[in-house]
Amino acid sequence: MLINKAYKFRLYPSKEQETLIAKTIGCSRFVFNRFLGQWNDTYQETGKGLTYSSCSAELTQLKKEFVWLKEVDSIALQSSLKNLADSFTRFFKKQNKAPRFKSKKNQVQSYTTKVTNSNIAIGNNKIKLPKLGLVRLVKSREVEGRILSATVRRNPSGKFFVSILVETDVQPLKKTDSSIGVDLGITDFAVLSDGRKIDNNKFTCKMEKRLKREQRKLSRRALNAKNNGMNLLDAKNYQKQKRRVARLHERVMNKRDDFLHKLSTDIIKNHDIVCIEDLNTKGMLRNHKLAK
């Protein structure tokens with residue numbers, strides 16, 4: 001059975017590659033916002049949107065007006081347009097809300113590029129990416145399948161990652177002839193129908209004291225920058241502390257994800273049928289007493 005599967009690896013780009021990644025993210029955001037504005041104007045005037053092909057043709061002319069768009073990966077710019085067109089297609093089908101403008105203040109910044117003429121390839125602890133060339137990465141496992149695209153991402157902590165989408169053939173898991181029920185809780189993370197209780201690790205609570213201390217430092221540095229008439233983007237001490245807080249949040253998130261992935265994998269591999277209660281978990285997350 002052919003499926004699309006993603007592999008995520010940590011990247012270690014050089015200073016020059018970091019600069020080019022930042023330029024590519026900025027250019028992709030510029031193209032997305034530029035055509036989103038045109039799309040909104042056309043929709044208000046005619047009740048219809050633009051098309052991907054018309055925007056793609058206009059992008060060629062746009063590169064003549066803004067020469068710096070030629071410095072980055074052209075496929076990444078086309079992918080940004082494609083994402084915009086897909087968002088509007090889902091919007092017209094009433095599957096999601098209308099796309100919004102992207103901001104450089106967003107927590108996660110990324111761009112996507114696609115495979116053409118073997119421009120994306122993985123070797124020994126390095127990956128070849130368009131315009132970037134060979135970038136060092138931590139190859140934690142082998143990539144199996146035909147590479148379709150790659151998404152380069154910069155986290156708030158300043159770390160870089162690449163997600164590689166491949167088309168691969170997988171085999172169904174063997175039947176176990178067993179079923180299990182899962183009851184989510186608060187004191188215990190979950191109680192299984194076979195009597196097992198899964199401990200609620202409370203990852204956020206364990207880091208709460210340290211997080212509060214670092215976040216107070218962040219607030220003080222923001223206030224100092226404001227009193228000195230500085231923009232927060234230009235305040236080096238504020239940005240340094242902001243990355244430190246982001247690293248703590250990322251550590252909590254990694255611990256939680258590791259716990260959830262291991263638990264869900266164990267349940268799925270050992271049972272054919274999994275029954276869970278119909279809970280409004282999003283609503284529970286809005287309750288500050290239950291969210292953590």
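How far apart do the end C-alpha atoms of residues 163–287 lie, and how much of the span is helix and strand? The end C-alpha atoms lie 33 Å apart, and the span is 51% helix and 20% strand. Helices (H or I, at least four residues) and strands (E, at least two) are DSSP runs, numbered from the N terminus. UniProt annotates residues 163–287 as "domain: Probable transposase IS891/IS1136/IS1341" in an unreviewed entry.

The model is predicted: local features need pLDDT of at least 70, side-chain atom pairs count only at pLDDT 80 or more, and totals for chains, interfaces and linings use all residues. Residues are numbered from 1 along each chain as its sequence is written, and side-chain values use heavy atoms, with hydrogens and water left out.

The feature "domain: Transposase putative helix-turn-helix" (unreviewed entry) is placed at residues 1–48. Over these residues the chain is 67% helix and 23% strand. The end C-alpha atoms of residues 1–48 are 39 Å apart. A "coiled-coil region" (unreviewed entry) is listed at residues 208–258. That span is 84% helix and 0% strand, with its end C-alpha atoms 19 Å apart. UniProt positions follow the numbering used here, feature names are shortened, and annotations may be inferred rather than shown by experiment.

The chain divides into domain 1 (2–169) and domain 2 (179–286). These bounds come from an automatic or database domain assignment. The C-alpha centres of the two domains lie 27 Å apart. Six residues of domain 1 are in contact with five residues of domain 2 (heavy atoms within 4.5 Å).

The size of an interface is often given as the accessible area lost when the parts come together. Domain 1 and domain 2 bury about 500 Å² between them (accessible area lost on being put together, 1.4 Å probe, summed over both parts). Carbon and sulfur atoms carry 56% of this area. P156, S157 and K159 supply 60% of the area that domain 1 buries against domain 2, more than any other three residues.

One salt bridge is found across the interface of domain 1 and domain 2 (a side-chain nitrogen of Lys or Arg within 4 Å of a carboxyl oxygen of Asp or Glu). The side chains of K159 and E250 form a salt bridge at 3.1 Å, N to O.

How values were computed
Buried area = accessible area lost by both parts, 1.4 Å probe.
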